[in-house]
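Hi,

Here is the structure I promised to send over.

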Amino acid sequence: MMVAPYRVFNLAALAVALVAPLSAQSAPAASRPTHDYWVYVGAESADLIHRVRFGPAGAVVERSITVGESAVETEGPHGLQISRDGQYLHMTTGHGAPDGKYWKYALGPDTLAGRGTFLGYFPASVDVTPDGLYAFVVNFNLHGEMKPSSVSVVYTPTNTEVSRITTCVMPHGSRVDPGGTHQYSTCMMDDQLVEIDTRSFDVNRRFGLGKSKPGPLPRAADTSEHARHTMVPVTCSPTWAQPSADGRKIFVACNKADEILEIDRAGWTLTRRFVTGRGPYNLAVTPDGKLLVVTLKQGGAVQVFDLATGQSVMNQKSSTTVTHGVAISPDSRYAFVSSEGVGAQPGKVDVWDLQTFARVASVNVGQQASGIAFWKMQAIP
């Protein structure tokens, strides 16, 4: 990837300015980790990806990687996901000429693995099938017309878009179920949950999320290029779809309604509602299946639910405003949460102990911290 020299200098200087003055915030002695943990986080307004390490001494930015191709345009790393084998980071940039792109990085050296791939308008959330062969990217179309957009399917060994599936208006929150058979996304301006078959690349089912009549919808939709789309006021405005650890439930964040809906996958029925703080945005379930972690974007906070009881067990403010993404460690011990900040404020990555429900570390990153993905954990000798 060719980048103008002066741009590299400016962004590198920004990374140094953000990281150099920081001293790691140490965790309380009683809850110090016995492992080192690594996550990657995007900084959308700085065109940077940061590798963050958390351990007994706290959290620190280990490396900052410049992304993008244009010296005169902010391209905006937005969605991040790491393959289950830990070899590759899959990332989307929301802006471009005119569309955004899908990118793949080899982790460790943090180098590009092939050229970027143009997708639809404003590629956003991304997830990868368990075998690492396919990436599913929602084309959010943030700045475009209010008409049905799509989910792009990328064959990752060659960075090739092999399908573009029209779904709904403003799709967001791409997640693949644990078995790798279905991908789920939501429709912010259509109040829908959409299920895609990862083998046929077809829409399999739809679920209406509106308060008046939640339930199954017809699978077929008018997806022609010139279809007229009638906007109906939304009551949910969903931003995320998160399968449970066993894949039996799908949790949907209703950003407008301040609640989470639990959808039973087998029966395709609404089974529970969780009342949240202001603006649930991204969701993650602990690998042990016990907790649901929620970022509250408008509320600038993090909320945690006990899935056995449905009760909220934590609701605490983030270290800065506009809380965005969340990633969970494989041992279900820590939640890593990104917050954007506003204006010239740096973004933040906060680390939350899911046993004590305390924030145990925080570190500055580039402006508008966005997508975040867990890489690996390693026992400390």
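Let's start with the cysteines, where a disulfide means a pair of cysteine sulfur atoms within 2.5 Å. By that rule there are 2 disulfides here. Before I go on: this is a predicted model, so local features need pLDDT of at least 70, side-chain atom pairs count only at pLDDT 80 or more, and totals for chains, interfaces and linings use all residues. Residues are numbered from 1 along each chain as its sequence is written, and side-chain values use heavy atoms, with hydrogens and water left out.

**The disulfides**

One link joins Cys168 to Cys187, with 2.1 Å between the sulfur atoms. This link of Cys168 and Cys187 is left-handed, at -90 degrees about the S-S bond. The pair ties together distant parts of the chain, 19 residues apart: Cys168 sits in the loop between strand 12 (160–166) and strand 13 (171–176), and Cys187 is in strand 14 (residues 182–187). (Strands, E, at least two residues, and helices, H or I, at least four, are DSSP runs numbered from the N terminus.)

Are these two cysteines buried or exposed? Cys168 is buried, at a relative accessible area of 1%, and Cys187 is buried too, at 0%. Buried means under 20% relative accessible area, exposed means over 50%, and partly exposed is in between (1.4 Å probe, protein chains only).

The other link is between Cys236 and Cys254, whose sulfur atoms are 2.1 Å apart. Its torsion about the S-S bond is -90 degrees, which makes the link of Cys236 and Cys254 left-handed. Here as well, distant parts of the chain are linked: Cys236 is in the loop between strand 17 (215–217) and strand 18 (238–243), while Cys254 belongs to strand 19 (residues 249–254), 18 residues apart. Cys236 and Cys254 are both buried. If you number the bonded cysteines in sequence order, the pairing reads 1-2, 3-4.

**The chain overall**

The chain has 1 helix and 30 strands. It runs to 381 residues, and 58% of them count as buried. For contacts (heavy atoms within 4.5 Å), take those with a separation of 6 or more: residues 24 or more positions apart account for 48% of them.

**Two residues to look at**

Leu292 lies in strand 23 (residues 291–296) and is buried at 0% relative accessibility. Leaving out neighbours within four places in sequence, its contacts include Phe251, Ile260, Leu283 and Phe305. From Leu292 to Phe305 is 13 residues in sequence, and 5.1 Å in space from C-alpha to C-alpha.

Thr320 is in the loop between strand 25 (311–317) and strand 26 (323–328). Although in a loop, Thr320 counts as buried, with a relative accessible area of 14%. Not counting residues up to four places away in sequence, Thr320 touches Gly300, Ser339, Gly341, Gln345 and Lys348.

**Confidence**

The average pLDDT (the predictor's confidence in each residue, from 0 to 100) is 89 for the chain, and 88% of the residues score at least 70. Over residues 1–30 pLDDT stays under 50, and the model has 54 contacts beyond four places in sequence for them. Residues 223–228 also stay under 50, with 3 such contacts.

Cheers
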